[in-house]
Amino acid sequence: HSSCSQNLFLKDRYGASQLVIFVNNLQGVQSCFFNATYTISLDNSVNNVGSPVPAILETLLGDIEVGNENIQFDFSDQIRGTELAAETEYNGPPLRVDVVIDLTVVTSNQVTAFVQARSPKDFVCSDLDSLNFVSGLAPPPNIPTRSPTSAPSRSPAPTPDPEITACELTPDIGCQVLNGGGLLNCENIAPPLNTECTSGLDISEIDFMYRGGGCTNNVLNCVGEDVDSDEVWINIVSTAGNILWNQITLKDTFMNLRGIDDQMEVTIYEIENNRRGEELLKYGILTSCTDTAGLRLKNSYGILELVEFTTRDGGGVFVANAAFADVLITYDVELSFGSSIKAQITSATSNGGLASAPDSVNYSPPTDPIGSRSRYVFG
């Protein structure tokens with residue numbers, strides 16, 4: 001029966017057929033599906049510690065998750081070799097991906113994109129962006145069709161009764177290695193291949209930690225006093241004038257430095273009213289991968305401890321050598337896929353730590369119930 005003498009519901013089944021779209025003069029087009037177009041934009045922005053240099057695009061790839069379906073995309077061939085001047089945007093052919101979303105099912109959607117580029121001097125820069133949302137929280141408007149007659153049996157099932165239906169929760173543990181320039185992950189935290197940087201290869205990235213101390217015999221032109229404050233202002237500048245670091249720094253902070261050359265100058269200041277105050281200590285560090293520089297993991301260079309260096313060979317292969325992994329672990333909870341009943345969290349506990357020293361942490365539960373649009377991060 002294809003007229004509106006009886007109610008028609010999207011997703012009603014008629015034998016082997018299922019109604020997914022209808023059109024009439026009063027309601028227009030009503031559909032179960034939404035054609036989504038994701039557009040990726042790229043720009044070369046200068047941050048507060050960088051220098052305005054062009055970026056030569058190399059890689060752009062990612063994936064789209066629509067519920068349990070995973071769609072991968074790769075625009076690397078399209079953007080490779082395109083040069084973006086500082087503070088400009090990519091204006092080449094549109095970077096678009098089309099997907100179809102079923103609006104009658106509660107679906108978690110996530111888009112993730114990764115881009116990598118190089119400077120004219122072959123310094124590598126990269127970034128990662130993601131977008132996530134939930135679709136299918138309400139049916140399309142004007143369902144069913146406006147007709148006084150009774151409706152046939154329908155699917156999916158009616159909305160569950162929140163008084164008698166159990167909620168379903170999905171806890172999640174997220175793990176991310178913040179250092180290593182993307183070369184390290186939580187499934188690949190291995191001992192460094194090299195503890196000394198003497199190969200003569202280019203250094204693309206170098207990481208220090210602020211530990212405190214004073215002049216050491218492996219730094220240059222050291223002038224000033226010992227420094228042991230919990231926080232100081234550290235300024236680091238390369239020989240070419242690139243500002244590698246310039247901010248308040250807490251003890252044991254990972255300092256990720258890129259754009260380095262053969263030497264850098266380190267200056268430590270007191271903090272006065274949240275700003276840079278009196279100079280306390282100043283010295284130079286050789287930062288080439290040579291015997292002369294003598295860079296060695298876990299050695300102290302003034303107040304800084306070397307904790308990682310990443311080299312790049314002539315073939316463009318990068319190797320991260322890290323003495324420590326800066327790991328960020330997050331604990332969160334959300335409704336299980338397809339569940340629409342809100343959940344009131346009453347308690348949350350994580351069990352972790354080292355195998356030799358396990359640790360258990362209790363978290364305060366959120367005050368509001370977890371709904372279909374909610375995601376609560378405990379820590």
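In the predicted model, N321 counts as buried because its relative accessibility is 0%, which falls under the 20% limit applied to buried residues. This asparagine belongs to strand β24, which spans residues 318-322. A polar atom of the N321 side chain is placed 2.9 Å from the backbone nitrogen of N194.

Of the contacts between residues at least 6 apart in sequence, 64% join residues at least 24 apart. The accessible surface of the chain amounts to about 21900 Å², with 48% of that area belonging to carbon and sulfur atoms.

The largest nonpolar core comprises 31 residues, and I234, I236, L257, I268 and L304 are those with the most contacts inside it. At least two residues of this core are supplied by each of the strands β14 (202-210), β16 (231-238), β17 (243-250), β18 (254-258), β19 (263-272), β20 (275-286) and β23 (304-312). Another core, of 22 residues, lies apart from the largest one and includes V99, V111, A113 and V115. Within the chain, and not counting residues up to four places away in sequence, L304 touches F208, M209, Y210, I234, I236, M255, V266, Y283, I285 and N299; among these partners, I234 and I236 are also listed with L304 as residues with the most contacts inside the largest core.

Methods:
Residues are numbered from 1 along each chain as its sequence is written. This is a predicted model: local features need pLDDT of at least 70, side-chain atom pairs count only at pLDDT 80 or more; totals for chains, interfaces and linings use all residues. Side-chain values use heavy atoms; hydrogens and water are left out. Helices (H or I, at least four residues) and strands (E, at least two) are DSSP runs, numbered from the N terminus. Buried means under 20% relative accessible area, exposed over 50%, partly exposed in between (1.4 Å probe, protein chains only). A polar contact is a pair of N or O atoms within 3.5 Å; within protein, one must be able to donate a hydrogen and the other to accept it, and residues adjacent in sequence count only if both atoms are side-chain atoms. Contact means heavy atoms within 4.5 Å. Accessible areas come from the Shrake-Rupley method with a 1.4 Å probe; for residues, only the protein chains shown count as cover. A nonpolar core is a set of buried Ala, Val, Leu, Ile, Met, Phe, Trp, Tyr and Cys residues joined through side-chain atoms within 4.5 Å.
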